[in-house]
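Colleague: Before I use this model in my own calculations, I would like to go through some of the terms applied to it and hear what each one rests on.

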Amino acid sequence: MNKFLAFGVLVMVAILGWLFWPTNAVPILAYHQVGEVDEEIYSVTASQFEEQMKYLKENGYHAISLEDLFNSFTGETVLPEKPIVITFDDGYADNYLTALPIMEQYDMSATVFVVPSLIGTTDYLSWQQVVYMQERHTEIGSHTMSHVGMNEINATEQRREAAESKVALERQIGTPIQFFAYPYGQFSKGAQQILKETGYRGACSGLAGLNDAKTDSYALKRINMPQPKYGLWEFRLRLFRAHLYSKLGL
């Protein structure tokens, strides 16, 4: 019995060691607002966001762009140790006013997915702010033209949402728009093909987990970052859960 018990312990230790051993897969964090809107589930406060950025910095993470990530898949770029991609959906003004200064304080940068039809409206970025963010090492991506679920519209509308938003953004900021984020995380095979045909290199979905060269380029996985109920422990748990998903192939 003792031999069986010892063997069981060894097996358990081996399994735990495997689960906790780092992977080469890259986490992509998904934020929305950074402010004091406590009742909004997808808004983290400035102090919570700073605590999270400080944690990443102190634990050796290095922020990269989606372009860096994709270039690493083709061997064009060598990623730093513990790379991480920080993204924001919708293009709220607080991404520039509040989040950007905090990220710069901790040597972090982000990818912001904006909705051209919302730019310049209440609570959203202006075109000038979008340009300023890009000049300060923020990668800009598309979040459709009118923030509609890509699996809720037909193929013609999907193509219009993808193509028109890309053209509008490129006209304003003067650089190619390579990446897309599906509103609400919703997508379909048809939408993925349309994004490929309209010139996007990849797209972020609502799927959970980490990303490597084997991940579907048009269904990148992200770690959702809503208003935390348990402070930094919840942030750390979300990172670890995504790590487990990657290890288990989920």
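Modeller: In this predicted model, the second largest pocket holds about 460 Å³ of space, and its lining consists of 26 residues, with A30, H32, Y42, Y184 and N224 lying nearest the centre.

Colleague: Why is Q48 called buried?

Modeller: The relative accessible area of Q48 is 18%, and the word buried applies under 20%, so Q48 is classed as buried. Q48 belongs to helix 2 (residues 46-58).

Colleague: What makes the pairing of the Q48 and Q227 side chains a polar contact?

Modeller: The two side chains come to 2.8 Å, whereas the cut-off for a pair of N or O atoms is 3.5 Å, therefore the pair falls within that limit. Leaving aside neighbours within four places in sequence, Q48 is in contact with Q227 and also with P228.

Colleague: Which residues touch the most other members of the largest nonpolar core?

Modeller: Among the 50 residues of that core, they are L56 and I86, while helix 4 (residues 94-105) gives the most to the core, with five residues. Beyond its neighbours within four places in sequence, L56 is in contact with residues including L29, I86, F235 and L239. A second, separate core has 12 residues, among them L66, F113, A181 and C204.

Terms used:
Residues are numbered from 1 along each chain as its sequence is written. This is a predicted model: local features need pLDDT of at least 70, side-chain atom pairs count only at pLDDT 80 or more; totals for chains, interfaces and linings use all residues. Side-chain values use heavy atoms; hydrogens and water are left out. On a 1 Å grid over the protein atoms alone, a cavity is a set of points where a 1.4 Å probe fits but cannot get out, and a pocket is an open set with protein on both sides within 12 Å along at least five of seven lines; lining residues have an atom within 4 Å of a point. Grid points are joined across faces, edges and corners, and a volume is the space filled by probe spheres set on the points. Helices (H or I, at least four residues) and strands (E, at least two) are DSSP runs, numbered from the N terminus. Buried means under 20% relative accessible area, exposed over 50%, partly exposed in between (1.4 Å probe, protein chains only). A polar contact is a pair of N or O atoms within 3.5 Å; within protein, one must be able to donate a hydrogen and the other to accept it, and residues adjacent in sequence count only if both atoms are side-chain atoms. Contact means heavy atoms within 4.5 Å. A nonpolar core is a set of buried Ala, Val, Leu, Ile, Met, Phe, Trp, Tyr and Cys residues joined through side-chain atoms within 4.5 Å.
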